[in-house]
Amino acid sequence: SSGLALASASFVSLVAPICAGSGIPEAKGYMNGNVVPGMFEPPNFFVRALGVVMSTAAGLPIGREGPMVCIGGIIGVATVHIP
């Protein structure tokens, strides 16, 4: 289980550091009209999803609700901005 926790932490810190934390303050800031560069990029979706899965599988006492709100926001922004 510590390997999953290490993999999750390494994945977030090396691939998409903006995915650290729940993402709710950034999402609220975006909804209030602030620019949050790089928040809703497609790689962040995969980093957040895999980070939540690996952290939960490792048995860490994390809240899954915050990252899921941000994952939903990424999907919503991607849906609205389809070319």
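Predicted model: local features only at pLDDT ≥ 70, side-chain atom pairs only at ≥ 80, totals over all residues.

Modeller: Start with helix α1 (residues 2–15) and helix α3 (residues 42–57): their axes come within 8 Å and cross at roughly 160°. An angle over 145 degrees counts as roughly antiparallel, so α1 and α3 are roughly antiparallel to each other. The crossing of the two helices is left-handed.

Now the residues that make this contact. From α1 come Leu4, Ala7, Ser8, Phe11, Val12 and Val15. From α3 come Phe46, Val47, Leu50, Gly51, Met54, Ser55 and Ala57. Sorted by class, the contact of α1 with α3 has 10 nonpolar residues and 3 polar ones.

Next, the cysteines. The disulfide count is 0. A disulfide needs a pair of cysteine sulfur atoms within 2.5 Å. Take Cys19: the closest cysteine sulfur to its own is in Cys70, 6.8 Å away, and that is too far for a bond. Seen from Cys70, the closest cysteine sulfur is in Cys19, again at 6.8 Å and too far for a bond.

Where do Cys19 and Cys70 stand on exposure, buried or exposed? Cys19 is buried, with a relative accessible area of 6%. Cys70 is buried too, and its relative accessible area is 0%. Both values fall under the 20% cut-off for buried.

Terms used: Residues numbered from 1 in each chain as written. Heavy atoms only, no water. Axes fitted to C-alpha atoms, helices over the stretch in contact; angles between N-to-C directions. Helix = DSSP H or I, 4+ residues; strand = E, 2+ residues; numbered from the N terminus. Parallel < 35°, antiparallel > 145°, perpendicular 65-115°, else oblique. Left-handed = near helix turned anticlockwise from the far one by under 90°. Contact = heavy atoms within 4.5 Å. Nonpolar A, V, L, I, M, F, W, Y, C, P; charged D, E, K, R; others polar. Buried < 20%, exposed > 50% of the residue type's maximum accessible area, 1.4 Å probe, protein only.
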